[in-house]
Structures are given as C-alpha cells and as structure tokens.
Amino acid sequence: MQINRNKILIIDDSILAIKALEHILKDIYEVISARGGEEGIAIAKEQKPDLILLDIEMPKMNGFEVLKILKECHETAATPIIFLTGFMDAEYEERGFLMGAVDYIVKPYNNNVVKARVMTHINLSKYRKQLERQLKVDMLTGLYNRRGLDEYLLEAAQEAVKKEYPLNCVIVDIDYFKKVNDTYGHLEGDRVLLHVGSLLTACLTPGGGYVARYGGEEFAVVLPKADEIEIRLLMEQTCKKIHQAKIPNEKSDISPYLTVSAGGAGWILKEPREAKELLKTADEMLYHSKENGRNRFTWYQPN
C-alpha cells in the first residue's frame, strides 16, 4: 500500500546543496527541487508543497525576494518556509522572521538537525491545518460553515475568472422549519438539519458541487461550470428527493412532509469579488420562491 508522504520543495541555486538535502530527506519525504527563485515560485504554486527549504544567497533573485512573493501569493502564503544559509547574523535572522520564515538551517548541514527541524515544522503545519479545518466545519452537520463557504467561494471565483467559465450559487431553505422544532422538539430539528444536509450532499456534490450550512436552516451550494438547464434539472430533482424522503412536518402549510425552497444565480464573473454579488442574488431568488408559495426553485441569470 502506497503511503502519501509530505512534500518538501528545495529552492537553491547549488545542485550540490540540493543533492545533500535530498540525501538527508528522501527516505522520509517526497523531495522536489528548483534551481533558483523564479523556478521555485512556479513549482511552489503548482505543486503546493507542505514545506519549502529556501536558500538566501542566490543570484538574480535572493531568498528574501522569493519569500516576499511566496507570502503574497494565495497558493503559498500559508506554506512554512525554512531559510538555508551559509552564515547567520542577528539582522538576517530578524529580517527573515519578520517576513514570515519559520526557521533557519545553517550550512554545512547536520543530518539530525535538518531532520528534526523539518519534522517539527511539518507537524506544526499539520496541527495548524487541522485547527483551521475545525474552524470551517459546522459541528452539527459536518458540512463547511459560513467561514468555510466564504473561503471556498473566493477560490472557486478566482478559478472561474481565470478559466472563463460560469460560477453558480444556490441557497436552499427548509420550509416552515420552526414548526419542526415546535412540533417535534429541537433534538428532532437537529436530526432534520443533518438529514437534509446529507441529502443535498448526495444529490449535488458528485458533479463537483460544494454544500455548506449557510446559517440556521439554510444551506448554500456552489456549482462551478454548470449551465442553467443543468442546474434547474438538478435542483428540481433535489427538491423532489427531499420531499420523497418523507421527513415529517405535519404542521407545515404545504405538506405533511418536509419541503424546501431554493434560489440560484450564475454567470461568468469579471472579477473574483463579484462572487459576493452572486451569493446575494441567489438569496434574493430564494425570497422570490418563498413569496410564490415555497416548495420551489427560482433561478436568475443575466441576459
């Protein structure tokens, strides 16, 4: 069975230095390398390593210049970077830490020191990512929460703008959810939220969709690339499946079984920040669904 190993990127203009580090780390990690700053930045963005070992003294673009670019780039801003240097002084050390480096390794390399420092920062990075994931997950449903949605939506918008395909958002609201809580109790209300979240995930994520708990009894769905016809069909089928699940809501004004209302919008964005407007428009379409009797899906798309 193949084990996924953490990926280390070495950026150094010296092939001998790269080979020395590869020899120390290759049995534990997947090691990739770049001969210089520009190549290193490109590989870091594409490969998304778990840790970067960055030489300070390089021609054309030194380590401080590379570090600045990596920390300003969305894909690599959170990647821990350890500086490699042949000499150390307080000024270099302070400058590096202020710019975002997490540690220094001084040449010539001591095998045990390199392994220990790399392992320490790999483990710290794993712990940080775990905490970040927990902050982005809704504890009841296991779906991403509003914070997770905001981060995903920005990334999806950046990709959609870059590749010029439509980005679509849908807001789904459980009809008369208050009556579920009032009739069956809040514990049953929690089970209903969990059930609906599972149904939405099963219906909407196989084609690349993303489902999050938007707040209360509302869920948000992000559907990249799909066109209006695909989304209409998908949402009609999803709403139908939720109703056919026969989740009791006997005091509902629509049906003795749970129903949902939804609103959606989609277009090709001109810039990533336009995604907020997309989400706002989907919310407005949800309002129209509620005004027109609920248990329906309303779609908006500009001409």
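Helices α3 and α4 are roughly parallel to each other, a term used for angles under 35 degrees. The model is predicted, so local features need pLDDT of at least 70 and side-chain atom pairs count only at pLDDT 80 or more, while totals for chains, interfaces and linings use all residues. Residues are numbered from 1 along each chain as its sequence is written, and side-chain values use heavy atoms, leaving out hydrogens and water.

**α3 and α4**
- Helix α3 (residues 63-72) packs on helix α4 (residues 90-99) at an angle of about 15°, with 10 Å between the axes; axes are lines fitted to C-alpha atoms over the stretch in contact, and angles run from 0 to 180 degrees between N-to-C directions.
- Helices are DSSP runs (H or I, at least four residues) numbered from the N terminus.
- The α3 and α4 crossing is left-handed, that is, the near helix is turned anticlockwise from the far one by less than a right angle.
- On the α3 side, F64, L67, K68 and K71 meet Y92, R95, G96 and M99 of α4, where contact means heavy atoms within 4.5 Å.
- This contact of α3 with α4 has 4 nonpolar, 1 polar and 3 charged residues; Ala, Val, Leu, Ile, Met, Phe, Trp, Tyr, Cys and Pro count as nonpolar, Asp, Glu, Lys and Arg as charged, and the others, Gly among them, as polar.

**α2 and α3**
- Helix α2 (residues 37-47) packs on α3 at an angle of about 20°, with the axes 10 Å apart.
- α2 and α3 are therefore roughly parallel, and their crossing is right-handed (clockwise).
- G37, I41 and A44 of α2 make the contact with V66, I69 and L70 of α3.
- By class, the contact of α2 with α3 has 5 nonpolar residues, 1 polar and no charged ones.

**Largest pocket**
- The largest pocket holds about 1,100 Å³ of space, a volume being the space filled by probe spheres set on grid points joined across faces, edges and corners.
- A pocket is an open set of points on a 1 Å grid over the protein atoms alone, where a 1.4 Å probe fits, with protein on both sides within 12 Å along at least five of seven lines; lining residues have an atom within 4 Å of a point.
- Its lining has 27 residues, and K48, H74, E75, A78 and E155 are the closest to the pocket centre.
- α5 (111-135) and α6 (146-163) each supply at least two lining residues, and α6 gives the most, with 9.
- The lining divides into 14 charged, 8 nonpolar and 5 polar residues.

Methods. Parallel < 35°, antiparallel > 145°, perpendicular 65-115°, else oblique.
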